[in-house]
Amino acid sequence: MLKKLLTPLRVKDLEIRNRIVMTAMHLNFTPDGRVNDRIVAFYEERARGGTGLIIVGGAIIDDYAGAYWMLDMRDDSCVEGHRILAQAIKKHGAAAACQLYHAGRYSHSISMEGKQALAPSPVASRFTREEPREMTREDIKRTIQAYADAARRVKEAGYDMVEVLACTGYLICQFLSPVTNLRGDEYGGSWENRMRFGLEVADAVREAVGPDFVVGFRIAGHDYMEGGNTNREWALFAAELEKHGVDIINVTGGWHETRVPQLPMSVPRAGLAYLAAHVKEKVSVPVIASNRINDVFVADEILRMGMADLTAMARALIADPYLARKAAEGRYEEITHCIACNQGCFDHVFYLQPVTCMLNPRAGRELEYKVEPASRPRKVAVVGGGPAGLKAALTAAERGHQVTLFERKDYLGGQLNLAAVPPGREEFWTAIEDLENQLDNAGVELRLETEVTADLLREEGFEAVVVATGARQAVPNIPGIDLPHVAMAWDILEGKRDPEGRDVVIIGGGAVGSETAMYVASIGTISPDTLFFLFMNDGEDVDTLRELCSRGIKRVTVVEMLDKVCRDVGISTRWTILQDMRNLGIEVRSNASAKRIEPGRVVVEVEGKEESIPADTVIIAVGSCPDNRLYEELKDLGLEVHLVGDAREARKAIEAIQEGYEAGLKV
């Protein structure tokens with residue numbers, strides 16, 4: 001039972017119907033920066049789904065603020081489009097806000113038609129690798145006015161609130177931080193001087209919108225940057241913002257350049273909510289907690305414990321736009337949880353593609369995809385219980401078909417089960433559980449431990465078949481691969497084989513090889529509960545505890561013939577996996593080709609020379625091949641048949657699930 005999440009909150013004259021906030025995020029829906037039907041449909045769906053407050057943006061405030069394809073609020077011609085967007089959100093009962101954006105030194109010249117970025121000081125970022133121009137006093141004055149003018153437009157467009165972005169290493173952050181603010185004038189040096197720019201922005205925005213309009217700031221709870229501001233400084237800044245007329249403080253995590261992950265599934269659920277809690281101690285205005293809050297009960301607990309007044313569930317609402325309505329109706333088992341895979345959201349943002357969702361292919365395609373009742377319900381078979389098959393069965397059932405899902409194993413989920421095994425990847429099991437619950441609610445018949453043949457499908461009278469039989473592991477032609485100490489990666493991850501001995505060599509450094517390496521290397525490390533126990537009772541010193549967390553009982557080496565490992569992992573997650581591999585002490589031998597496997601060793605070739613790597617266990621992880629034999633049989637039977645997922649071609653889960661979804665719409 002939810003106790004607080006679904007209760008209303010009043011801020012000045014604005015009543016927010018519940019405590020669920022969809023924070024602003026890049027979507028890549030507006031190639032010219034202007035509001036269009038796609039972005040309106042996306043946000044309207046989330047408003048229709050019961051979200052309390054929807055913040056769109058960030059919207060650039062001037063020509064130096066960011067990319068021209070972001071939402072635009074640079075001049076009065078932008079207002080009408082935003083008026084349409086605000087009305088679409090508000091007509092369904094949600095409160096609507098617009099976030100004002102200026103990236104400072106994080107603005108890339110390519111995205112600003114060649115302009116050099118502006119910043120407090122000419123300190124280049126690792127994010128763009130470009131040096132910005134130091135802002136003059138005139139630049140500062142002009143930029144503050146741009147914030148004010150944009151805020152006025154937000155109000156004129158009919159939004160209920162304006163939010164100023166002051167986090168993630170963007171412009172206001174850069175003025176606050178001694179790492180990026182090296183100025184010697186009244187905007188640099190002391191803490192009071194470094195706060196000056198942000199507070200003047202707050203004053204200008206308040207003056208522009210008047211005393212009654214709601215003003216929010218999204219701040220960093222901690223820079224997580226060496227030499228940067230911590231939660232202590234940010235809480236003090238929040239207190240000053242309140243004195244300068246700010247009504248809501250939205251607290252997120254660190255900068256883009258930090259090495260502390262904030263977005264992938266390795267971040268614990270609500271793992272950064274403590275930042276909001278410490279800010280809340282310093283202010284009396286409402287505080288929003290952010291980052292990895294994907295479950296309504298977790299969100300409710302944050303509120304009940306007094307850590308925050310509202311909870312941000314941005315990616316959670318990409319995954320399930322009707323999350324709030326389902327929670328209000330007690331349909332918790334029907335909620336699709338965001339698992340922070342980042343495949344459809346942040347990976348797409350970095351590749352300048354429109355945002356969607358691995359688990360919700362309709363996200364961002366609300367005008368394109370519609371689940372409509374079938375003109376004639378039919379008897380449909382889906383063969384294969386991996387992600388593509390699960391989504392195909394669910395979608396077909398939602399359209400009214402009589403669906404039977406066949407799976408030869410005694411469990412569902414396919415390779416998602418393997419992806420969930422390495423430490424920090426457990427959310428993949430959440431995706432399986434959600435799909436299983438939804439299949440049950442949709443009335444899909446499950447037939448596990450069933451080997452499907454063409455004769456079986458014909459005899460039982462199925463009118464359409466979706467073949468989602470997945471893939472099988474590829475077996476390379478390496479001498480010695482049949483030796484008893486050689487195992488396949490899937491068998492290790494499924495628990496069919498255990499890595500024996502101390503030295504383990506993994507041949508193949510793609511996603512499966514890297515994840516298998518992390519799993520094996522973590523064997524013998526201490527659990528979070530043990531770490532907490534030892535730390536609180538001074539059982540070990542901090543350095544020993546760090547070693548116990550990161551060094552297990554196996555020495556793991558990954559052999560990869562290409563120049564890099566994890567090349568098939570999305571950009572927003574890859575760096576965290578590489579960091580985890582380094583932390584676990586995994587040795588990576590790139591540009592190395594396995595020549596032969598012998599008892600106790602693997603012989604590899606590097607730059608034309610042979611080298612020997614000790615190996616008590618050798619694990620093969622060189623990819624997979626489509627398993628589409630059933631499809632070939634069915635093609636000649638006259639049945640309607642669709643081939644989806646890895647059975648068509650080995651690829652990422654997001655692509656497999658989208659194919660399954662499209663097949664469910666077609667049958």
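Predicted model: local features only at pLDDT ≥ 70, side-chain atom pairs only at ≥ 80, totals over all residues.

Biologist: Why is strand β20 called largely enclosed?

Modeller: Buried means under 20% relative accessible area. Five of the five residues of β20 (residues 503–507) are buried, so the rest of the structure largely encloses the strand.

Biologist: How do you know which faces of β20 are covered?

Modeller: Look at both sides: D503, V505 and I507 are buried on one, V504 and I506 on the other. That gives cover on both faces.

Biologist: What makes β20 and β21 a pair?

Modeller: Pairing takes at least two bridges between the strands. β20 has five bridges to β21 (residues 555–559), and the two run parallel, so they count as paired.

Biologist: How many residues of β14 are buried?

Modeller: Four of the five in β14 (residues 379–383), so by the under 20% cut-off the strand is mostly covered. β14 has five bridges to the parallel β15 (residues 402–407), where Q402 is the partner of K379.

Biologist: What makes the link from β14 to β15 right-handed?

Modeller: With the strands pointing away from the viewer, the path over the helix has to run clockwise. The chain goes from β14 through α12 (residues 387–398) to β15, and this β-α-β crossover is right-handed.

How values were computed
Residues numbered from 1 in each chain as written. Heavy atoms only, no water. Buried < 20%, exposed > 50% of the residue type's maximum accessible area, 1.4 Å probe, protein only.
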